[in-house]
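Trainee: Could we go through this model together, starting with the backbone and then moving on to other things?
Mentor: Gladly, go ahead with your questions.

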Amino acid sequence: MEPRAGAWRATGALPAIDLSSSRPAFPSGWVRLAIDIEVTDGDSAFGWMRADGGEGFRDATSVRIPRTSDGKVRLIVRLPEAVLALRYEPIKGAGAFVLGPIEAQEVGWLEVFVCQMVRYCRSEGLSPVKALRAAVFHARVHGVGALWAWMKLYLGGEVADKAYAPWVAQHDSWTPDGLRALAQVAGELSSRPKFSIVMPVHDTPERWLRKAIDSVIAQAYDNWELCICDDNSAAPHISIVLDAYRRADPRIKVVTRQTNGHIARATNDAMALMTGDFMCLLDHDDELAPNALFEFAKALNEDGGIDFLYSNEDLISIDDVRYEPILKPAWSPENLESYMYLGHLTCYRADLARRIGGFRSEYSGAQDYDFALRYTEQAQNIRHVAKILYHWRAVPGSVAVSIDKKDYVIAAAMRALEDRLSRGGDKGTVVERRVRGWFEMRRDVDGAPRVSVVVWDANGPGTAGDSSGGEAEACIESIRSKTTYRNYEIILARAAGEDADRLNEAAARAGGDYLVFVDCTVRPIAGDWLQNMLRYAQRPGIGAVGAKLLFGDDTIRHVGIVFCAGFPRHVRQGYPMSDWGYWGSSSIARNYLAVSPACMMVSNHAFSAAGGFDPAIPSPFCHFDLCLKMVQQGRRNVYTPSVSLYHLGYHDSSGNSDAARNFVLKWWHLTVPDRYYGANLALDPPTFEFDPSSSASEPPCGRSKDRNMSGLPTVSNEGPDAHSRDAR
């Protein structure tokens, strides 16, 4: 097969194309961009057009280029007044794409204004007359300069996209009065734990070093100490800056190494200065949000037994522009074995941190990952503070920009995971996923336990004239022809009655240690699907294990379930099979409250302990009910992408509106908010995209035009976008 014209394959982390101009100079100022690009392998939601205005390719002169469904990008953006060079980064990470011509043409202010008004009308659902009145009013009240800033929100082109930047300005920015009020509340807390902030320093640029230290001094909560270790820096400003801060504030402590020990040893030396109750970590060029320590102290006041805290974070550019919020799930052990999802602002009990031996120098580069793995094995009470409390500086050469050239970090992380296997008495291997810095821990299956595969028909028992019998036979034949695991049996749940009764009866007949409930329209893709599910189902504390399910056109059907106003929904449904997801969500093992019942493994012991399927709840809700009962018992459910199957059928639950309502009411206390899906992530549909209108307390699906008066989904047989399909 001949390669397509314009086809490219990227193998590095940040592919880039330097552009040339057909004219003597590059276009500048307001520019209309036209880019035709089809991404054939990869999942980047956007690319970048970077302009060199005389100071190199900087974030402040970069334009975010979104992907479109038809591959045709048409934008009006703002470039520097003089452009010396243009660079296009079509995707982030390895992948393939077909690129057509790139056109850039300068435009006048009138075209800019018209384009803005059209986008504003579409975005806000306004008529042109109302939109024009809004623009005139904005200019009168705030001035023409403010009008132009307002217009740029709808034209795009900044590091901070139009969704996140206004949200930060409105909801996550602090005024002096606000900080004083917060400091007063902090001073009135009944318990005031002392935080020791540990920060190793080595040749940090003065600007970033000062910003890091200033962010600690600016904390609204004042019971802290900053423990700094200078790891034998050569830069002369380091000692001058640190000494000045130490003299100005007695809470700042500094120790200087006589030899360079690298980050793990330097962190341990900083730890030796600690006198606090809890240890927090801060990189020498990052920043804390001013409410960071207050939020941790508040959580500890609510529950004094907490052993470990972590928060959300975002990236911050060298121009101090915040972007790319990282909204994390609640405590997720399987996530942690996939990558260091806990991030930067982590808070440990100081005595336990010392007891496990601090940071190990043989893991430098991934010393924080190794430490977190060991620490969380000992911690009993782990809490996620779902607020953005840390700003991760994206400077050239940092992991925030790219991990592509830091092989030692990858090697250290893999050794840390291998050590985790050994500590747990498990055998297995650690492999790197297709994006650097993400991993899969493949535990060996313990023995050869018996597995009972229960094949069931989601639309009820077979009757004369229907095709369910043929589907079941085709499913069984597919399982028998594909499956390489030998110790299994197949049980066909075709008895009359409700789904829960049929499945409970089939489970009672099963002789397996593990049960796999399989919809009769499911077809395995690879032969090792049972082994790969067992790798997780055999782990202590695991409830249900779910698989990656695909539609017949190789798009995603299931990579996890989240609950929107208490109703189960599929994440990223319809995305390409190769979709990487939000921080790997589609492509790594990840914890969820529930997984799809179309292919779900559970140990016979966990199934019995949860009481099996509730006969009073019809399908598909009885399956989600089982998942939630296991969570309520302290178990966790996990999705694994190492098991892929086709799910070809369609389940009609149009008569189950009462069942949906009862299910939502029963589990509202556990599913709202969904602990594994961050507030301000899109919920209607759930795509993991940032949505400023979304919140944990009032999910947007409760306000959707597709909802009835009760706030619950109206379920009907409407094809691919019907809610009943989402719940399968």
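Trainee: Where is His-262 found?
Mentor: His-262 is found in helix H8 (residues 262-271), where helices (H or I, at least four residues) and strands (E, at least two) are DSSP runs numbered from the N terminus. This is a predicted model, in which local features need pLDDT of at least 70 and side-chain atom pairs count only at pLDDT 80 or more, while totals for chains, interfaces and linings use all residues. Residues are numbered from 1 along each chain as its sequence is written, and side-chain values use heavy atoms, with hydrogens and water left out.

Trainee: What is phi of His-262 near?
Mentor: It is near 75 degrees, a positive value in a residue other than glycine.

Trainee: And is His-262 buried, exposed or partly exposed?
Mentor: His-262 is partly exposed, with a relative accessible area of 46%; buried means under 20% relative accessible area, exposed over 50%, and partly exposed in between (1.4 Å probe, protein chains only).

Trainee: What about Phe-688, where is its place?
Mentor: Phe-688 sits in the loop between H19 and H20, has a positive phi of about 75 degrees although it is not a glycine, and counts as buried at 2% relative accessibility.

Trainee: Switching topic, which residues does a cis peptide bond join, with omega about -5 degrees?
Mentor: That bond joins Val-672 and Pro-673, and Pro-673 lies in the loop between helix H19 (657-671) and helix H20 (723-726).

Trainee: Last one, how many disulfides does the structure hold?
Mentor: The structure holds 0 disulfides, a disulfide being a pair of cysteine sulfur atoms within 2.5 Å.
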